[in-house]
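This report examines how two protein chains are arranged and how they meet. The sequence and the structure are shown first.

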Amino acid sequence: MGKYFGKKFIVYVFTFAVAITINWAAPRFMPGDPIQSLLNRFGNIEGGTEIIHSNFSQLFGLDKPILQQYLGFWKSIFTGDLGISIHSFPSPVFDIIKSAILYDIIIMVPSIILSWIVGNNLGAISGMKKKADNFLMPFFYFLSSAPYFWFAVIVVFVFSVQFGLFPVGGAYSSTMIPRFSFNFIVDFLRHWFLPFFSMFLIQLGGWAIGMRNMILYERSSNYSKYMKALGSSEKLIRNYGFRNGILPQVTGLALRLSNIIGGMVMVQMVFSYPGLGYQMLQAIMNQDYFLLQGCFIFIIILVLVSNFIIDIVYMLIDPRVRLSYSEEV
Amino acid sequence: MSILKKVLKNNENLYYAFSNKKVIFGLVIFSAVILLAIIGPMITPYGYEEYAGVGYQSPSKDHFFGTTLFGQDVFTRTVHGLRMTLKVGFFAGSIAAILGCVIGFISGYYSGTLLDEGLMMITNLFLTLPTIPLIVTLTAFMEYRGMFILSLLVGVTNWPWVARAVRSQTLAIKNTEYVNLSKISSVSVFKIIRQDVAANMFSYVFMVFIILFQGTILAAVGLEFLGLGPTRGISLGLVIRTAVNWNAVELGMWWWAILPGAVLTIMIISLYFVNTGLDQVFNPRLREM
């Protein structure tokens, strides 16, 4: 067990370090001068220049030598001091992120789990039945070919404009006050459904196509031919193929996490759903670089934690990995 | 015509490729979209920012894709934008393919060494990093974004899975007898990789490139939609971005937001068809089905 996690852990730590370094280097070494453009924007506001100067010297420490700046950046990350948002002054970036990350999780977790289950099962059916395959496959191709944001626009068009079933924009109606009441929860869920549903559909096609190909591959293997010769039912053959095909699908989940997060940024933009991705884009529009950096760091943390969870799940469902660590094999 | 037949007869793979219905179907649609991107901007009488007629018009004979709120022709905008998006996707795909192949070959050929470990570490790192937020963070600090720098960014973030796929294929080929023979004959590593390894993976790499192209186009159009596309000119993502920003769908102008994306989606689906068709061509076992 130690070796399996040890190796993964090194990659994660390394990834995190690189991400932080990129985050630190981007404003310093990219062409263009973000600090100057910020000063230009806020220079004419009373006290604006001082605020930015103190803000920047606090987080960036621009007057210090470069190595010290770098170490200082790390220190500020571990103390959770990510600076103050310029756009929604004076709330700290950390507080904005804390409230935003919840929206990411309630969209991401259910959509990944549900699309994974439904997609794999539909893919298995498609792999076994030629008739179902003929109309399911083009549909899956369509789902996995469409640009994420374009797909979200279609979902808005169909469910919100044509049928008028769900509202679009924000996490709840602007007239509502967030509290624990029946009306608020219904309103919240109605706003939640379309972003969730878009994310669900976006991921569905990929899982289904992957599982279909795995089932086709398993069906051509000797053991399933032998089972067929023994006269076992289609369902039994499918179940065996499904168990073998599910493992690459779990690894696939880890590989596609980066794509899923990218899709979420776009979907949040279409729905103005106030998760990390939306905050990130708002930060760019308002040139709020502290918020941008904070969002990036937390998206990385989100991805790494999810990866770690997938690793654990993989270990639990793959008998080879599981048994080799309890030394039964 | 007779030359074509001769070429087809001499090359088995090409022959099967051009007798596969899926490949032909996919290629026809793919070429149609490419043609649209090439010829489209020449045949439309309007400029993409130009006032072309009354705004808020649904698709008609004069305006194939209707007009925007401000009376611009959506078709003109789409074909101009398509051009830019395809260019970015193509350059990015090429960069990613070259990077992925080179790293995959080297890592696979020197498998088990420290070099391989290091390269795979970097590959895994790039696989874990969420690419869209990464590019967003980088481009946010640029005041000017050209087509080339965008292609570079998209290309540099999309190669890792290619490297892994190529590496595993290289591992399989590496221990064959003809590679060993080349090694004994002290043929240079570069030549072994080029003549023995790469030559045998050509069909595989070609298919990888198709999938890669799909991915980089989608990434490019996504960035454009987020407002981080090329700062000059128009791109497909930008067309849809303006439409969404002006609530086109809520105003009932579905043609403005949905038709431009449909063109791109159709093209990517056609590439799927080419890919599954080619899969049958290159893996004879799949042909019977």
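Read along the sequence, chain B of this predicted model follows the pattern α-α-α-α-α-α-α-α-α-α-α-α-α-α. The C-alpha trace of chain B spans about 75 × 55 × 30 Å along its principal axes.

Chain B and chain A bury about 4500 Å² between them, and 81% of this area lies on carbon and sulfur atoms. Thr128(B), Phe141(B) and Tyr272(B) together supply 15% of the area that chain B buries against chain A, more than any other three residues. The count of salt bridges between the two chains is zero. The contributions of residues to the contact are listed below.

| Chain | Residues in the contact |
|---|---|
| Chain A | 54 residues |
| Chain B | 44 residues |

One pair of helices across this interface can be described in detail. Two packed helices are described by the angle between their axes and the distance between the axes. Helix α7 of chain A (residues 148-162) packs against helix α13 of chain B (residues 254-282) at an angle of about 140°, with the axes 10 Å apart. An angle over 145 degrees would count as roughly antiparallel; α7(A) and α13(B) are therefore oblique to each other. Their crossing is left-handed.

Which residues of α7(A) meet α13(B)? They are Trp150(A), Val153(A), Ile154(A) and Phe157(A). In α13(B), their partners are Trp254(B), Ala257(B), Ile258(B), Gly261(B), Ala262(B) and Thr265(B). The residues of this helix contact divide into eight nonpolar, two polar and no charged.

How values were computed: Residues are numbered from 1 along each chain as its sequence is written. Chains are lettered from A and ligands numbered from 1 in the order in which they are written. This is a predicted model: local features need pLDDT of at least 70, side-chain atom pairs count only at pLDDT 80 or more; totals for chains, interfaces and linings use all residues. Side-chain values use heavy atoms; hydrogens and water are left out. Axes are lines fitted to C-alpha atoms, for helices over the stretch in contact, and angles run from 0 to 180 degrees between N-to-C directions. Helices (H or I, at least four residues) and strands (E, at least two) are DSSP runs, numbered from the N terminus. Angles under 35 degrees count as roughly parallel, over 145 as roughly antiparallel, 65 to 115 as roughly perpendicular and the rest as oblique. A crossing is left-handed if the near helix is turned anticlockwise from the far one by less than a right angle, and right-handed if clockwise. Contact means heavy atoms within 4.5 Å. Ala, Val, Leu, Ile, Met, Phe, Trp, Tyr, Cys and Pro count as nonpolar, Asp, Glu, Lys and Arg as charged, and the others, Gly among them, as polar. Buried area is the accessible area (1.4 Å probe) that two parts lose on being put together, summed over both. A salt bridge is a side-chain nitrogen of Lys or Arg within 4 Å of a carboxyl oxygen of Asp or Glu.
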